[in-house]
Amino acid sequence: MEHLRVLKQRIDDALADLAPKIMRVPGPSGVGKSSLIATLARDYRETRNDGRRRVPVLVVEVPQSATAKLLPKSVLRALGIEVSGRMTAGAMFDLMVTQLRLAGTRVVVFDEISHLVDEGSRVPPRASSDWLKTLTDKLNMTLILFGIPRLERLFSANEQLRRRACPARSFLPYDASDSQQMTAYFSCVVNYARLFAAAGYPIDVLPRVLTQQTYLLTGGLIGVLADFMRELASSLAAEAPRAITYADCQKAVEYVSHAGSPHKLAFEDADSEEVDVAPIILRQAYVHVLTSNTASVPIRKKTREKS
């Protein structure tokens with residue numbers, strides 16, 4: 001919600017013709033970036049005025065192996081315009097600029113911008129970052145960039161792009177060593193349990209145990225938690241209402257990609273209903289998610305005790 005508030009304020013500033021800025025939101029896959037983009041798209045819908053289409057905020061999905069030619073083509077496709085593959089990169093860029101102006105677009109949200117710096121990408125990071133800089137300069141436009149943490153290479157390769165940009169707003173999983181964040185994660189788990197109970201399938205696992213075991217699975221990624229809950233629901237869809245057991249959770253987790261530390265798997269032990277998971281084990285699941293996504297592990301600030 002804090003990310004949403006800040007991004008919406010930046011979009012509102014752009015729509016009010018204030019100075020444009022480049023925002024970037026790096027985060028691991030499954031942390032909730034797609035939900036954030038979907039919310040922005042819903043809150044800033046395109047309109048029609050006297051038959052003229054207005055797209056103040058445009059969401060563009062960057063394809064894998066994107067090139068200088070594919071980038072403007074992706075923007076045009078997001079505007080609903082298909083172009084011939086025979087057009088030159090320069091002609092396609094000019095057409096894109098014209099169409100963005102006609103649509104009154106003030107903000108472009110790029111999803112999966114990190115594809116520009118995938119391993120083996122055909123476009124050097126400097127060329128990709130120059131393209132983004134040119135776009136915001138030419139159209140006086142705000143850009144919001146989403147992707148996995150590797151997108152930072154675009155900014156490390158171009159000091160001019162860095163100067164036009166706000167500091168990165170890292171979108172990280174729930175941190176097991178932060179009591180406030182774990183309280184928030186616990187509330188997510190409890191809310192899912194309430195939905196199951198309301199449908200006649202109460203989860204007969206202690207909330208504390210369910211929270212710890214799902215955290216081992218997710219490493220704090222809300223997208224993985226949602227995937228687990230979908231699998232749990234799917235596994236019981238053909239059964240009459242009944243209580244969901246720990247064994248049901250063990251079965252469901254077999255169909256969910258494990259994001260946490262491989263050294264301690266979720267719902268692995270038969271006696272996990274009775275034993276708490278050590279905080280250091282939960283922390284390892286969180287750190288594994290970050291390091292496997294080439295993200296830096298935040299350093300927690302230590303509070304000084306008053307003498």
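Reply: Ser128 touches Leu116, Val123 and Leu154, leaving aside neighbours within four places in sequence. The model is a predicted one. Ser128 sits in helix H5, which spans residues 125–139. Is Ser128 buried or exposed? Its relative accessible area is 1%, so Ser128 is buried.

Follow the chain past H5. Asn140 lies in the loop that links H5 to strand S6 (142–147). Its phi is positive, near 50 degrees, and Asn140 is not a glycine. Most residues other than glycine have a negative phi. Asn140 counts as partly exposed, because its relative accessibility is 42%.

Asp17 has a positive phi too, about 65 degrees, and is likewise not a glycine. This residue is in a loop as well, between helix H1 (2–15) and strand S1 (22–26). At 58% relative accessibility, Asp17 counts as exposed.

Now Val59, in strand S4 (residues 57–61). Its relative accessible area is 30%, so Val59 is partly exposed. Beyond residues up to four places away in sequence, Val59 touches Ile37, Ala41, Ala78 and Val109. Pro279 is 220 residues from Val59 along the chain. Their C-alpha atoms are separated by 39 Å.

Step back to the domains. The chain is divided into domain 1 (1–164) and domain 2 (179–293). Their C-alpha centres lie 35 Å apart. Six residues from domain 1 and seven residues from domain 2 make up the contact.

How many residues does the largest nonpolar core have? It has 56. Leu7, Ile144, Phe146, Tyr215, Phe228, Leu232 and Phe267 have the most contacts inside it. Each of domain 1 and domain 2 supplies at least three residues to this core. A second, separate core has 34 residues, including Val62, Ala66, Leu135 and Leu151.

Take Phe267 from the largest core. Setting aside neighbours within four places in sequence, Phe267 is in contact with Leu210, Gln213, Thr214, Phe228, Tyr246, Cys249, Gln250 and Val253.

H8 covers residues 179–198 and H9 covers residues 207–218. Their axes come within 10 Å and cross at roughly 105 degrees. That makes H8 roughly perpendicular to H9.

Last, the cysteines. How many disulfides does a search of the whole structure find? It finds zero. Cys188 is in no disulfide, and the nearest cysteine sulfur, that of Cys249, is 17 Å away. A disulfide needs the two sulfur atoms within 2.5 Å. Cys188 has 19% relative accessibility, so it counts as buried. The cut-off for buried is under 20%.

Conventions: Residues are numbered from 1 along each chain as its sequence is written. This is a predicted model: local features need pLDDT of at least 70, side-chain atom pairs count only at pLDDT 80 or more; totals for chains, interfaces and linings use all residues. Side-chain values use heavy atoms; hydrogens and water are left out. Buried means under 20% relative accessible area, exposed over 50%, partly exposed in between (1.4 Å probe, protein chains only). A nonpolar core is a set of buried Ala, Val, Leu, Ile, Met, Phe, Trp, Tyr and Cys residues joined through side-chain atoms within 4.5 Å. Domain bounds come from an automatic or database domain assignment. Contact means heavy atoms within 4.5 Å. Helices (H or I, at least four residues) and strands (E, at least two) are DSSP runs, numbered from the N terminus. Axes are lines fitted to C-alpha atoms, for helices over the stretch in contact, and angles run from 0 to 180 degrees between N-to-C directions. Angles under 35 degrees count as roughly parallel, over 145 as roughly antiparallel, 65 to 115 as roughly perpendicular and the rest as oblique.
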